[in-house]
Structures are given as structure tokens and as C-alpha cells.
Amino acid sequence: MKKEKILVTGAGGQLGSELISGLWKYYGKENVIATDIKEPQGILSEGNFEILDVLKTSNLSALLKKNRFTQIYHLAAMLSAAGEKNPKMAWRLNMESLINVLDAAVEFKIEKVYWPSSIAVFGPSTPKVETPQHTIMDPITIYGISKQAGERWCEWYYKNHGLDVRSLRYPGIIGYKTKPGGGTTDYAVDIYWKALADKKYESFLKADTYLPMMYMPDAVKATIDLMECPKEKITIRSAYNISGMSFCPSEIASEIKKHISEFEITYLPDFRQAIADSWPKSLDDSIAQKDWGWQPEYDLKKMTNDIVKNLSV
Ligand code: AKB
């Protein structure tokens, strides 16, 4: 296998902390440098780590000059709910950092760039069920607007600079190792922690709010599979729809009850309900299936078994 050297930005976030171990396994620990604006926590301190504020182009260039990277995974971003509270900062972080990375990737001849998009690119006029790859996109959050614009920038860099940039529209990602911060789909992570600790959970989304979701091991696998796909098979240069499972708060609660019979859920919707209502309920990911063989492994039952087993020890 060709030797890769990989830079990951925003590695301290929910996805980064788990993607890093996937990248270590696949490419070798010594070939991955994780970066974040904050000091490393948990697993991140076991590998190569550097502090990096990706808004500072000179710091990014210095790191790229020092190492011969072949791939960049640019994960640093502010999520949907946090972004609504700090819209200007969300726009700056999500947009400027992406353009900094794309420019640096061209300058330093980086072979492949990964950047995550999201179901937040869709909005109230988007068809909600089996949302197609190409459809109406009218995002209502700054996060969603930045992801939609980011998709266009990625495609533009591919067309105008030949930069091999790849992206996925992640649904809500559910992991138990690190807690997410500032997302609308975060309830589906918190609910497991609270179920085990307190046997009860107050949901900030209504009982029947269906959203597309994905278990972390599937998200890590999808990301590495996409990056390993031969270039000529990639037909989407904005971001691929990918699907894992779809459920609503009452369904995840029933699944948890099978393991913790005393568990009770109550509902107190807040501002995140409007965001969730603007997003799809399920996605059509047939292009990802066709281009690079995408298939999720986990459904709600299998994921719940795995999380409850791991959080109970
Ligand atoms: C969020 O809820 O903001 C994220 C996402 C769907 O991109 N998890």
C-alpha cells in the first residue's frame, strides 16, 4: 500500500476523536497528525498531535511545509444549534477555514482532501422522504448555509484546480466514546448516557421527529471507503448523500427500554425542533452505493445493543 501522510484538523471533535483511531489502523499511527485548537484529550494524546488554529493561514502553511502530507481531513466546524447562537463565528470558522485548507492544498500539492458536509444543506422545501442527491436546497441554519456553500467551493476547486476533494453529507452521527457539541441530532447520543445514569431523559425534539442517523463505526468506514475509492469512480464532487438508519425519539426510547425497563422519556421541544423539522427524514444514497459500494452495517437495534453493552461496563 502507498505510504500516506495525513493531517486532521478539528480532531478533538466528536467525529475526529473516533476517525483518528480508524486512520491509525488503516494508515499507521506514525503517519497521522491530529490537530485542534484545544489541548488533546483522551485517545488523541496517544498519537502525534499539534495545536492548530486553522483560521491562521501562516500556522497551517508552517505545518504543511514541515511535513509532506498526502491527505488532509478538514473537520473543524461549528454545528447547527451552536451556530444559531453565534452565527458570525460559525460562518467564519466553517467558511474561512475551508477556503484556507483548499488554497493550502493546491499550493502544497496535497493529493486528497476530505471535508464533511451534512443533511443540514437541505431545508423546508426539500422532499423529506428518500431525499434525492440533487434536489431543492434551502437551508435555514448558518451551519447548513455554510455547508451548502462549502459544497459549491469544493466542486469549484475540483473543476478549476483539479483538487481531489471528497465529501459526505453526514446524517446525525451517534457515538458513545465522546460527546458531541452543539448539534440538533445530539439528543440521540445524550439519551444513552442519561438512560444509563438517571433512567430518564427529557428530549428537546418531539416524539415523532424522524431524522436520518448513523452509528459512528459506519461513519468512520464510509469516510475511509470514500477516500480510498479510485478517483475515476467519484462522480459527485459536492458531497454524497449517505444513509444509515432513520428513527424518532419515541423509537430510540422503546429500543433502550428493551435493555433498561425503568427508562422513561419526556418531551420538551425547544428551538432545535424547527431545525429538525427542516431536515429530511430519510435519504436516497443510491449514488454512493453505485460509485463506491456504500452499505451501512448498523440499524437502531444493533447500535443500541452495542452502545448499552459498552457504556454498561
Ligand atoms: C447537527 O445536528 O448539527 C449535526 C449534523 C446533522 O450535521 N449532527
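Over which ring does the charged end of Arg237 sit? I found it over the ring of Tyr158, 4.2 Å from the centre, where a charge sits over a ring if NZ of Lys or CZ of Arg is within 6 Å of the ring centre and within 35 degrees of the ring normal. I also noted the charged end of Lys179 over the ring of Trp193, 4.5 Å from its centre.

I kept in mind that this is a predicted model, in which local features need pLDDT of at least 70 and side-chain atom pairs pLDDT 80 or more, while totals for chains, interfaces and linings use all residues. Residues are numbered from 1 along each chain as its sequence is written, and side-chain values use heavy atoms, with hydrogens and water left out.

Next I looked up aromatic pairs (rings of Phe, Tyr and Trp, its six-membered ring, with centres within 6.5 Å; planes under 30 degrees apart are stacked, over 60 edge-to-face, the rest tilted), and the structure holds 10 of them. Trp153 and Trp156 form an edge-to-face pair, 6.0 Å centre to centre with 75° between the planes. I read Trp153 as partly exposed at 31% relative accessibility and Trp156 likewise at 41%, the class between buried (under 20% relative accessible area) and exposed (over 50%), with a 1.4 Å probe and protein chains only. Trp292 is buried at 11%, and Trp294 is buried at 1%.

Finally, I recorded that Tyr73, Tyr114 and Tyr170 form one aromatic cluster.
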